[in-house]
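Here is a short briefing to read alongside the model. Have a look at the fold, and then let us walk through it together.

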Amino acid sequence: MLHDEVLARFPRAPLMNGETPLVQLDQMSERLEIDLWLKRDDLTGLGFGGNKTRQLEFYLGDALAKGADTVLITGAVQSNYVRSAAAAAAKLGLRAILQLEERVAGMGAPYYTSGNVLLAKILGAEHISYPEGEDEAGADAALHARADEVKANGGKPYVIHLGLNHPPLGALGYVAAGMELCEQMDDFDAVVVPSGSGATHAGLLTGLRLCGLSAPVHGICVRRDHQQQKTRVNTVLHKLASLLDIDPKLTTDAVQTWDAALAPSYGKMSASTHHALSLMARTEGIFLDPVYTAKTFAGLLDLTEKGHIQPGQKIVMLHTGGLPALFGYQEEF
């Protein structure tokens, strides 16, 4: 397959259970008057699933190749990434150190004890905290300080960075996912994805373009406004193009970001987010998460209402998982 050739030179840990399903949402398609499909990356399999499993295959492949025995990662308190990293570390026989950042103010007790936090504790991960939520450089520096302690005690740490000043190995997982989607279906009119760190958005766009598909990829902003996010995704795309040794113009002219569902802020739900989450559950029996996929579906609804998605078009939405966070947000419901 094409992705085997493109990605063969990058070490990869065996974490995925194979392809994830691409399913047609009949009821929702009829309701919205479009042909809506869901790429079920909530079903990647490991540790409650989610899109981060694809990214961790490449980060932890690199970690194993370098002889690491401990992985360190940072994220929000209810981060799906750190929970997935703990599960992946357990599977691979690695120690996991998870740094939880205070990104979402005003949350109740379940946010700090339930959902992803509880799962990571069951997985045996160590938790440390970082008091800020908008300081990527500081969060990475704190990880390196903890990594130095691991090294001083004879360990071999591997840091998965949050900031953009490092190769986006995780985005390679979504290059592979884009190619996987091409093999499953190649006649869709557009793809709608969450856009946060930029790795999933940039990787998927790159994978589709490497397959020769030109359908637009609408990135729904979950943390930054559309202009800030477009700049971030373009940065990831340039770094990814350098990793893959391809022309960045293949992808950087195609970045589309949409922030109509962002308010009030990262990790906070609005009326439109509540509506999107409830509508999907009550129409298709499928749960979305409050931080990423509910906002993504709210964005898709807005794109449809405003005519950017036309009646009858075939649309793929990426379900990136994150369902354990629902339990951390129970007071929001």
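Let us begin with a pair of helices: α8 (residues 171-184) and α10 (residues 226-244) pack at an angle of about 80°, and their axes are 11 Å apart. Angles of 65 to 115 degrees count as roughly perpendicular, so α8 and α10 are roughly perpendicular to each other. Please keep in mind that this is a predicted model.

**The α8 and α10 contact**

- On the α8 side, the contact is made by Ala 171, Leu 172 and Val 175.
- Their counterparts in α10 are Val 236, Leu 240, Leu 243 and Leu 244.
- By residue class, the contact of α8 with α10 has 7 nonpolar residues, no polar and no charged.

**The chain as a whole**

- The protein chain has 14 helices and 10 strands.
- A compact globule of 333 residues would have a radius of gyration near 20 Å, and the 19 Å of the protein chain agrees with that.
- Along the principal axes, the C-alpha atoms fill a box of roughly 60 × 45 × 35 Å.
- Of the 333 residues in the protein chain, 60% are buried.
- If you take the contacts between residues at least 6 apart in sequence, 80% of them join residues at least 24 apart.

**The sheet**

- An open sheet is formed by 6 strands in the order β1-β2-β10-β7-β8-β9, with mixed pairing.
- Its edge strands are β1 (22-24) and β9 (256-258), each of which pairs on one side only.
- From one strand to the next, the twist averages 30°.
- Strand β8 (residues 217-221) pairs with β9 in the parallel sense over 3 bridges.
- Within that pairing, His 218 has Gln 256 in β9 as its bridge partner.
- Helix α13 (residues 293-305) packs on the sheet and touches β2 (35-40), β7 (190-195), β8, β9 and β10 (314-319).
- The direction of α13 makes about 160° with that of β10.

**Backbone details in the loops**

- Ala 263 and Pro 264 are joined by a cis peptide bond, with omega about 5°.
- You will find Pro 264 in the loop between β9 and α12 (271-284).
- Glu 33, a residue other than glycine, has a positive phi near 65°.
- Glu 33 sits in the loop between α2 (26-32) and β2, and its relative accessible area of 56% makes it exposed.
- Phe 48 is not a glycine, yet has a positive phi of about 80°.
- Phe 48 belongs to the loop between β2 and α3 (52-65), and at 54% relative accessibility Phe 48 counts as exposed.

Notes
Residues numbered from 1 in each chain as written. Predicted model: local features only at pLDDT ≥ 70, side-chain atom pairs only at ≥ 80, totals over all residues. Heavy atoms only, no water. Pairing = 2+ DSSP bridges. Helix = DSSP H or I, 4+ residues; strand = E, 2+ residues; numbered from the N terminus. Axes fitted to C-alpha atoms, helices over the stretch in contact; angles between N-to-C directions. Contact = heavy atoms within 4.5 Å. Parallel < 35°, antiparallel > 145°, perpendicular 65-115°, else oblique. Nonpolar A, V, L, I, M, F, W, Y, C, P; charged D, E, K, R; others polar. Rg over C-alpha atoms; globule rule 2.2 N^0.38 Å. Buried < 20%, exposed > 50% of the residue type's maximum accessible area, 1.4 Å probe, protein only.
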